[in-house]
Structure formats: C-alpha cells, structure tokens
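Colleague: I would like to go through this model with you, one part at a time. Could we begin with a helix and the charged pairs?

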Amino acid sequence: MYWEQDKECMPRADLEQLQLERLQSTLYRVATHVPFYRRKFRELNIDPDGFRSLEELQTLPFTTKDDLRNNYPYGLFAVPLRDIVRVHSSSGTTGTATVVGYTKNDIKNWSNLTARVLAGAGVGKDDVVQIAFGYGLFTGGFGLHYGAERIGASVIPISSGNTKRQIQIMQDFKTTALICTPSYALLLADTMLEMNININALDLRFGLFGGEPWSEGMRNEIQTKLNIIATDNYGLSEVMGPGVAGECQERKGLHINEDHFLIEIIDPETLEPVEPGETGEVVLTTLTKEGFPVIRYRTRDLTRLIEEPCPCGRTMRRMERILGRTDDMLIIKGVNVYPMQIEAILFDIKGTEPHYQIIVEREGRLDKVTVMVEVVESIFFDQMKKQRQLVDLIKSRLASELGISVDVKLVEEKSLERFEGKAIRVIDKRKL
Ligand code: DLL
C-alpha cells in the first residue's frame with residue numbers, strides 16, 4: 001500500500017533534481033540561520049550558493065553527536081523558538097542529552113513520512129493501532145502516532161510498559177497493528193503464551209518494530225508467535241525520529257525516504273564513501289527540515305545500500321537492516337563483531353530461547369566475553385551431558401561463523417532481564 005505514490009515511485013532522475021533543489025535551500029537556510037554551520041562553511045571556504053550537484057555534498061563537513069551536545073540546548077535550531085511547536089530529546093545514555101525542535105511544517109512532513117512507513121507495512125484506515133512506544137521526549141510514540149492518525153487509523157496511545165494491560169487492551173479493543181520495539185513484541189508474545197491466550201483469537205495482523213537492531217531469526221520468532229507480518233522501521237531523533245526508512249511488505253530491506261533525506265554510507269575510519277553495496281556508517285542530511293536541519297550527520301549506525309529495485313514498485317532505495325552501531329562493536333581477540341551477529345546464530349540453534357545477554361569483562365589485557373543464553377526447561381534440568389553438547393555447539397558455531405571464541409553460559413528460562421523499550425544486549429563490565 002502506498003501513501004504518496006507519486007513521491008514514493010518517482011523516477012530517479014526527478015528525485016535527484018528534487019534532492020538537489022532541496023539541498024540548496026537547506027544549505028542556504030543553515031548558512032543564514034545557524035552560526036555553527038556558517039562558521040564551518042567559512043572555515044572550509046564553502047559557498048552554499050555555489051552548489052550545483054549532489055556529488056558536491058562530499059565537500060561538506062560532517063556533523064557529530066558532539067557537535068549537537070556542544071550546542072545544547074538550542075544552538076543548532078534554524079528558526080526562532082517562537083516558530084518551534086514541538087521539542088524532543090534523546091536521553092543520551094552517555095553524556096549530555098541532545099535536543100531537537102520541529103516547526104508546524106516539520107510536524108506535517110514527519111506525520112506524512114511515518115504514514116508512509118505505516119502504509120508500506122500494510123496499515124490502513126480500518127486498522128486499530130496500538131502504540132506501545134513511550135510517549136514523551138522519546139520520538140517513538142508521538143512520531144508514529146501522528147502518522148497513524150493521518151492515515152485515519154484508530155490509534156490507541158497506550159505508551160510503553162504494563163504488559164498485562166497491553167494484552168488486555170489488545171484483546172478488548174481488537175488491535176490489528178502493534179507498534180513497539182522488537183524485544184518488547186517478543187515479551188508481549190511470551191507473556192500471552194504464558195497466560196494461555198489463544199493468539200488466533202486476536203485481531204492482530206501487523207507489527208511495526210524499530211528503535212533497536214534485530215535479526216531475521218528474531219523476526220521469524222515474532223511472526224510465528226504472534227501470527228503477524230512484522231516489518232522493520234528506522235529513524236533517529238537527531239534526524240527526525242521514526243519515519244526515516246521502513247520496510248514494505250516484501251520485507252527485504254528498508255525504503256529510505258530519499259525525497260526528505262540524503263543518505264551516504266561511509267567508511268567510519270577513512271570517512272570516505274564505501275564502494276556501492278559495501279557496509280559502512282550511515283550519514284544523513286535532512287532536505288526539508290526547518291527547525292532542526294542537519295548536514296551530513298554521522299549516525300554511527302552500520303548497514304549497506306541495496307541498489308536493485310524492489311518488486312513493490314517504490315523507487316526509493318533500500319538499506320539492509322541495521323547491523324549495529326559503531327559504538328556497540330565488540331573486539332574479541334582482534335575480531336570485530338556486533339551483538340546482532342551473535343543473535344542471528346543463537347536464533348538458529350534448537351533448544352535455545354530467543355533471550356540472551358553478552359557480558360564483556362577485562363582479564364589482564366584481554367577482553368573476556370561470555371554469552372548468557374536462556375535454554376528450554378527440558379535442557380536446563382537435563383543431564384550435564386546434553387548441556388555440555390549444547391554449549392559446545394554454540395561455541396563451535398560462533399567460532400566457525402564469526403571467528404570468535406567466547407564462553408557460553410546456559411541459564412534458566414526467564415532468568416535474564418526483559419525490556420519494555422530498547423533492550424540492553426551488552427553488559428560492559430570493563431568500565432564499571
Ligand atoms: O529510536 C527513533 C525510532 C523510534 C525509530 C521508533 C523507529 C521506531 P533514538 O532514540 O534517537 O530514536 O535512537 C536512534 O536507535 O541511531 C539506531 O542505533 C537505533 N535504531 C532505531 N531504529 C532502528 C532499527 C529512535 N529499525 C537509534 N534497527 C538509531 C536498528 C535502530 N536500530
């Protein structure tokens with residue numbers, strides 16, 4: 001289902017022309033109204049009026065999370081506060097929070113873009129949408145709420161947490177689409193199974209999940225347990241929130257809303273663009289934002305672009321699911337791995353439950369990594385021999401497929417922490 005077919009299926013040449021025009025006006029806007037960008041452009045001798053091609057984007061400086069923090073709270077806003085109608089903030093687990101602002105027009109665009117993501121995933125005006133993302137400074141709840149209303153769906157703004165109540169409401173209000181993090185969807189599914197709820201008696205058809213990395217194995221698990229079509233959607237507060245990219249029902253990568261965002265994939269070490277199709281860090285430039293435009297924002301998220309057209313007919317290019325963040329990368333005896341790669345293997349092994357946690361410690365000068373994984377009751381209480389075999393199997397798969405050697409500890413079902421929002425997969429004890 002398209003939301004704005006003329007835009008989502010625009011010929012690439014027209015799209016590129018539109019992107020260039022929008023980039024020119026964004027550069028003009030930031031150079032005129034944001035001292036931070038004006039100074040940077042001047043230092044690098046960049047004339048924003050002289051921009052003639054999209055390739056020239058590469059001459060512009062990057063913007064980082066630190067730049068946002070150094071300009072806390074309103075230093076990077078491109079309009080006076082009186083024109084801002086909404087403020088969101090990312091909590092910032094490390095360091096100062098960052099603050100972002102939206103004009104009336106930004107909210108309109110944002111609603112349209114989350115509507116696109118919702119429609120692409122299958123949601124229409126007849127749907128009852130339960131939004132179990134937090135409402136508040138986090139962009140998840142409000143961002144998708146406005147899009148769902150725009151589509152004309154019936155929105156249940158239940159917000160996050162209170163799992164039993166979520167389930168009650170899902171049954172009573174006949175929810176057809178669930179919106180939350182993938183890890184929370186799994187917690188909801190497991191709780192329903194525990195409560196002996198007949199999943200087939202629910203009205204649920206779609207799940208739109210995002211806000212954290214998840215593997216294909218996790219998708220399969222959720223789709224089977226909830227009997228739904230589960231799609232991935234991506235965004236970040238610094239750039240807008242949800243609505244930057246989302247999967248269509250093909251579920252083969254996320255269409256990037258390229259008429260509103262320019263995407264580049266760079267090598268995080270050399271900062272040069274990667275070869276087409278290679279994995280690297282996502283860099284985003286906003287093309288229509290008025291309140292808080294960003295130029296070449298380094299997201300730290302890693303993925304690759306899919307250049308082949310999608311059978312759905314959209315011309316907006318796709319990106320593969322996010323593999324992880326550069327700051328979540330583990331270096332295990334010299335091998336770089338991301339938690340999601342470990343997740344993908346665990347999900348593939350029979351007897352393990354889809355709940356795990358990775359503990360990183362320091363032993364002498366080396367990092368020691370232990371993967372804690374829940375196992376089904378029958379194995380946990382079974383003879384040592386079976387447990388030993390499972391540990392060996394997990395270790396050997398991790399060694400052969402990722403080249404890492406780690407300790408594996410089997411733990412009882414439901415013994416690892418569950419999350420109502422974004423899951424914490426890695427516990428880093430090195431810095432404690
Ligand atoms: O998480 C925005 C959002 C809300 C997206 C709801 C989708 C749904 P932040 O709190 O600023 O904003 O966190 C942004 O979360 O840089 C990624 O590292 C991660 N992230 C978001 N969506 C995905 C996804 C929201 N689909 C950060 N897959 C981003 C993997 C994701 N990681």
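This is a predicted model: local features need pLDDT of at least 70, side-chain atom pairs count only at pLDDT 80 or more; totals for chains, interfaces and linings use all residues.

Colleague: Why does a spacing of three places matter in a helix?

Modeller: An α-helix has 3.6 residues a turn, so residues three or four places apart point the same way. In this case R219 and E216 form a salt bridge, and their closest N and O atoms are 3.2 Å apart.

Colleague: Is R219 buried or exposed? And what about E216?

Modeller: R219 has a relative accessible area of 2%, so R219 is buried. E216 has a relative accessible area of 35%, and therefore E216 is partly exposed.

Colleague: How many salt bridges are there in the whole structure?

Modeller: A search of the whole structure gives 31 salt bridges. One of the pairs is R116 with E4, where the closest N and O atoms are 2.8 Å apart. R116 belongs to helix α5 (residues 104-121) and E4 to the segment before α1 (5-8), so this pair ties together parts that are 112 residues apart in sequence. Both R116 and E4 are buried.

Colleague: Which residues are linked with R116 in a network of salt bridges?

Modeller: The network links R116 with E4, K7 and D259.

Colleague: What is the salt-bridge partner of R12?

Modeller: The partner of R12 is E258, and the closest N and O atoms of this pair are 2.6 Å apart. R12 lies in helix α2 (residues 12-33), while E258 lies in the loop between β9 (254-256) and β10, so the pair ties together parts that are 246 residues apart in sequence.

Colleague: Where do those two stand on burial?

Modeller: R12 counts as partly exposed because its relative accessibility is 27%. E258 counts as buried because its relative accessibility is 1%.

Colleague: Let us return to α9. At what angle do α8 and α9 cross?

Modeller: The axes of helix α8 (residues 182-194) and helix α9 (residues 216-226) cross at roughly 35° and come within 10 Å. The crossing is left-handed.

Colleague: Which residues meet there?

Modeller: On the α8 side they are P182, S183, A185, L186, A189, D190, M192 and L193, and on the α9 side M218, E221, I222, K225 and L226. The residues of this contact divide into nine nonpolar, one polar and three charged.

Colleague: Now for the strands. In what order do they lie in the open sheet?

Modeller: The open sheet has four strands in the order β10-β11-β12-β15, and their pairing is antiparallel. At the edges are β10 (261-266) and β15 (324-325), each of which pairs on one side only.

Colleague: How many bridges join β10 to β11?

Modeller: Six bridges join β10 to β11 (residues 280-286). I266 stands opposite E281 in β11, and L262 has T285 as its bridge partner in β11.

Colleague: And how many join β11 to β12?

Modeller: Four bridges join β11 to β12 (residues 297-303), and these two strands run antiparallel. The bridge partner of G280 in β12 is T303.

Colleague: Why is β11 described as largely enclosed?

Modeller: Seven of the seven residues of β11 are buried, so the rest of the structure largely encloses this strand.

Colleague: How many residues of helix α10 are buried?

Modeller: In α10 (residues 339-346), six of the eight residues are buried, so this helix is largely enclosed by the rest of the structure. The buried residues are P339, M340, I342, E343, I345 and L346.

Colleague: One last topic, please. Where is V391 placed?

Modeller: V391 is in helix α12 (residues 384-402). V391 counts as buried because its relative accessibility is 9%.

Colleague: Which residues does V391 contact, leaving aside its neighbours within four places in sequence?

Modeller: With those neighbours left aside, V391 is in contact with V408 and L410. From C-alpha to C-alpha, V391 and K409 are 7.3 Å apart in space, and they are 18 residues apart in sequence.

Note on methods:
Residues are numbered from 1 along each chain as its sequence is written. Side-chain values use heavy atoms; hydrogens and water are left out. Two strands pair if DSSP finds at least two bridges between them. Buried means under 20% relative accessible area, exposed over 50%, partly exposed in between (1.4 Å probe, protein chains only). Axes are lines fitted to C-alpha atoms, for helices over the stretch in contact, and angles run from 0 to 180 degrees between N-to-C directions. A crossing is left-handed if the near helix is turned anticlockwise from the far one by less than a right angle, and right-handed if clockwise. Contact means heavy atoms within 4.5 Å. Ala, Val, Leu, Ile, Met, Phe, Trp, Tyr, Cys and Pro count as nonpolar, Asp, Glu, Lys and Arg as charged, and the others, Gly among them, as polar. A salt bridge is a side-chain nitrogen of Lys or Arg within 4 Å of a carboxyl oxygen of Asp or Glu.
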